[in-house]
Amino acid sequence: MAGQVIKCKAAVAWEAGKPLSIEEVEVAPPKAHEVRIKIVATAVCHTDAYTLSGADPEGSFPVILGHEGAGIVESVGEGVTRLKAGDAVIPLYIPQCGECKFCLNPKTNLCQKIRVTQGKGLMPDGTSRFSCRGQPLLHYMGTSTFSEYTVVADISVAKIDPLAPLDKVCLLGCGVSTGYGAAVNTAKVEPGSTCAVFGLGSVGLAVIMGCKAAGAARIIGVDINKDKFAKAMEFGASECLSPQDFHRPVQEVLAERTDGGVDFSFECIGNVGVMRAALEACHKGWGVSVVVGVAASGEEISTRPFQLVTGRTWKGTAFGGWKSVESVPKLVSEYMCKKIKVDEFVTHTLSFDQINKAFELMHAGKSIRTVVKL
């Protein structure tokens with residue numbers, strides 16, 4: 001099928017707030033510096049639900065969502081040298097061109113080479129490779145993994161170990177890598193330190209895993225859903241608490257229990273009130289708080305400036321700080337060597353036609369990650 005249009009199934013979001021619809025779509029062949037991928041498995045993330053809800057200012061419709069997938073290269077466009085048909089790959093929503101000033105700076109992973117067109121739901125040339133019944137469909141986050149075939153820029157692809165199970169390592173395309181990297185790259189958690197993790201979904205669990213790997217002595221999980229505590233302890237939390245069990249701010253409780261505050265805290269929800277609590281739970285003089293969760297558009301964070309004047313640091317992270325093309329294959333290798341957990345995040349596996357159920361499970365708080373097999 002190289003060089004030809006492929007007809008396949010995709011889950012199309014026709015409009016905001018409506019369930020996805022399984023449709024036959026047409027996927028055009030890759031143009032120069034593009035890659036067409038047969039998606040084998042994709043997970044469903046809160047970011048997909050956020051865009052589907054209509055609250056995402058960059059969200060446009062109709063669109064093929066999905067950004068946590070894995071598959072096999074079907075064909076490559078002109079000028080693609082790093083990848084070939086048959087390669088096992090993970091599509092990347094943060095690319096790595098290796099040439100822009102962001103890629104050349106070791107302090108960031110935020111490649112900007114295709115940011116403008118990606119944000120508009122288009123390929124770098126300003127057009128789409130998807131259509132349905134003659135109508136163009138938009139791309140999403142440069143990946144669009146809710147389709148049996150997708151086309152992505154060649155700088156948005158990580159070539160991985162061909163033996164890796166794609167229905168597991170797809171999680172390294174977003175949530176697991178994000179949380180793990182927030183601890184080991186962004187916060188740079190230190191051995192013997194005390195950490196607090198706010199929000200015990202898949203990203204929060206990955207943060208716990210990163211804190212443990214970095215040698216943290218004490219890891220406190222914080223969530224209002226106590227059903228999540230057992231899993232957090234499995235991943236390495238020393239203890240868990242619910243803010244609803246106290247009649248005062250949770251940051252005061254944490255400061256009291258940790259002799260003045262934690263060394264590192266992480267907000268993994270996207271709630272600006274919790275971001276403040278996470279910062280204020282940090283120890284005076286050296287505490288570092290990392291914002292991992294993505295708040296809704298237009299939200300603003302606040303705290304008293306004295307919190308920062310007295311030595312606390314507020315940081316943010318995207319995709320865990322990993323430079324994507326070079327780092328994701330290494331994360332897959334770490335998983336294959338059993339250095340990091342991935343399988344344990346998968347609580348449900350569904351067929352493609354059940355994809356809307358994956359969103360229902362997530363909204364009900366019944367899943368950590370649901371993997372959809374295409």
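Two strands are counted as paired if DSSP finds at least two bridges between them. Helices (H or I, at least four residues) and strands (E, at least two) are DSSP runs, numbered from the N terminus. The structure is a predicted model, in which local features need pLDDT of at least 70 and side-chain atom pairs count only at pLDDT 80 or more, while totals for chains, interfaces and linings use all residues. Residues are numbered from 1 along each chain as its sequence is written, and side-chain values use heavy atoms, with hydrogens and water left out.

**View 1. Pairing of strands β1, β2 and β7.** Seven bridges link strand β1 (residues 6-13) to strand β2 (residues 21-27) in the antiparallel sense. Ala11 has Ile22 of β2 as its bridge partner. Strand β2 also runs antiparallel to strand β7 (residues 130-132), to which two bridges join it.

**View 2. The open sheet of six strands.** The strand order is β13-β12-β11-β14-β15-β16, and the pairing is parallel. Strands β13 (239-241) and β16 (313-316) form the edges, each pairing on one side only. From one strand to the next, the twist averages 20°. Four bridges connect strand β15 (residues 288-291) with β16 in the parallel sense, and Val288 has Thr313 of β16 as its bridge partner.

View 3. Contact here means heavy atoms within 4.5 Å. Axes are lines fitted to C-alpha atoms, for helices over the stretch in contact, and angles run from 0 to 180 degrees between N-to-C directions. Helix α5 (residues 202-213) lies across β11 (194-198), β12 (218-222) and β14 (264-267), and runs at about 170° to β11. Helix α7 (residues 250-257) packs on the sheet and touches β11, β12 and β13, its direction making about 160° with that of β12.

**View 4. The crossing of helices α1 and α11.** The axes of helix α1 (residues 46-53) and helix α11 (residues 355-363) cross at roughly 100° and come within 11 Å. The two helices are therefore roughly perpendicular to each other, a class that covers angles of 65 to 115 degrees, whereas those under 35 count as roughly parallel, those over 145 as roughly antiparallel and the rest as oblique. His46, Asp48, Ala49 and Leu52 of α1 make the contact with Phe359, Met362 and His363 of α11.

**View 5. Cysteines without a disulfide.** The structure holds zero disulfides, a disulfide being a pair of cysteine sulfur atoms within 2.5 Å. The closest cysteine sulfur to that of Cys97 is in Cys111, at 3.7 Å, too far for a bond. Likewise, the sulfur of Cys195 is 3.7 Å from its closest cysteine sulfur, in Cys211, too far for a bond. Cys195 is buried, with a relative accessible area of 0%, where buried means under 20% relative accessible area, exposed over 50% and partly exposed in between (1.4 Å probe, protein chains only).

**View 6. Thr370 and Lys373 in strand β18.** Thr370 lies in strand β18 (residues 369-373) and is buried, with a relative accessible area of 2%. Leaving aside neighbours within four places in sequence, the contacts of Thr370 include Thr42, Val44, His348 and Leu361.
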